[in-house]
Amino acid sequence: MNQSLIHELGLRQSQMMTRRSLFGGSAAGLGAMALGNLLASEANPQAASSGGQIQSNLTSGLPHFAPKAKRVIYLFQSGGPSHIDLFDHKEELEQLHGTDLPDSIRGGQRLTGMTSRQSRFPVVKPLWGGKRCGERGTWVGNLLPHLQDITDDISIVRSIWTEAINHDPAVTYINTGSQQMGHASMGAWLSYGLGSENEDFPAYMVLLSQGSGKNPGQPLFSRLWGSGYLPSSHQGVMLRPGANPVLYLKNPDGVSRDSRRELLNTLGRINQLHSETTGDPETLARMEAYEMAYRMQTSVPELTDVSDEPESTFELYGEDARRPGSYAANCLLARRMAERGVRFIQLFHRGWDQHISIRNQLPRQCKDVDQASAALVQDLKRLGMLDDTLVIWGGEFGRTVYSQGQLENPSSGRDHHGRCFTTWMAGGGVKAGFDYGTTDEFSYNIVENPVHIRDLNATVLNLLGIDHERFTFKFRGLSQRLTGVEEAHVIRDLIA
């Protein structure tokens, strides 16, 4: 496409009298100019001071202080792992098994519709054994034997809590800071604030897998890794298993890489004209997306081709790491992304919702994740990357100590429980070999060191050098934050 045609397209665009062009680009009056500047300023505070040119570097002054972590790998266990069977051992439950949970312990807390009408709430002891592990002798269930071997490298937080009691609001809450849809995800916030260390990859990448516990698991929606009110260039990029990890990334038949480059150059100049006319930040976000896709045409195939990994890698992560789309394969890809400077890597693994048949489902689900989760920590440590890579493992809530369904029935399980659950963390400035938080003898309420999910998110930001109270984005007259509008605290006892 020649320059005269580009000029003609730009001229036609400038002659189109749309509502946006009237108010955003017209110089017909001081009021219109002021309104256009105000709208552009709210969309991007730096736009007004840059002559209307919306810059790709949307934040300044970040990080706020020296970070301990450069990147995050979030192993999100969707559905609610049972903290009682895996992490939060109480010897008293052996004697309390089969007795009714006292009303004084339940305390009028909300229950889901799946158990609220039960006539009894019989206590169920941990269904599998465990052992004391590591130098501090912390208890980890026998369903996680590989994790038992790395307890000296991790911090186990047994006092996480949330108000949400159902999956979708709970997953949305812990990932975005709000139970309401439309807010930006943690990865999008970090992409917006810190960007990527490698221009050939997005700052935020997402991998999904389905476990062999509850199959299919609870649905996951793309808004969970969306950008919300942040520019759309910061939403997570999901990789799929197979020959086409990113949809529409390959050039169509007959289109060469050189011709694609020429097309993008032309399109970029047209979009630049549109941006200058309207001040629309999404125009530049679209341009950035096109350019990123072009670079990813080379970088993604190299990332996903694990044929260069030595045999020892698959011995570490397990044979399942050879199967694209499995949790183990995604853990290996997460390590490869971390090596390439991806800022925030999030694995969503479904299948933890053990309402029924927990005796059959939970062992299979744990087997899916145990070896690969431990291997990721060991691999990062071997490569000298664990110190500046924060690994997080946890779900949206835990499970009830009481039985859902008749006690001892093979089809029984555990219901949702948000008043206390367990998350573990490793590397990235977190203390190694550390336990935090205590629950009561029923693993039902927190009695020491509560950590709300807002506090967890504030701590993650702090490890990356970000003050959560100062990290905001103006939208609809409010200074939006990942930690929401309520009070949140950094858990400094967790920080090395």
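## A bridge across the chain

Asp153 and Lys381 form a salt bridge, with their closest N and O atoms 2.8 Å apart. Asp153 sits in the loop between helix H7 (145–148) and strand E4 (154–161), and Lys381 in helix H14 (residues 358–382), so the pair ties together parts that are 228 residues apart in sequence. A salt bridge here is a side-chain nitrogen of Lys or Arg within 4 Å of a carboxyl oxygen of Asp or Glu. The whole structure holds 27 of these salt bridges.

Asp153 is buried at 17% relative accessible area. Lys381 is partly exposed at 47%. Buried means under 20% relative accessible area, exposed over 50%, and partly exposed in between (1.4 Å probe, protein chains only).

## How the model is read

This is a predicted model: local features need pLDDT of at least 70, side-chain atom pairs count only at pLDDT 80 or more, and totals for chains, interfaces and linings use all residues. Residues are numbered from 1 along each chain as its sequence is written, and side-chain values use heavy atoms, leaving out hydrogens and water.

## A pair within helix H14

Asp379 and Arg382 also meet in a salt bridge (2.6 Å, N to O). Both lie in helix H14, 3 residues apart, about one turn of the helix. Asp379 is buried at 1%, whereas Arg382 is exposed at 57%.

## An enclosed strand

All 6 of the 6 residues of strand E8 (residues 389–394) are buried, so the rest of the structure largely encloses E8. Helices (H or I, at least four residues) and strands (E, at least two) are DSSP runs, numbered from the N terminus.
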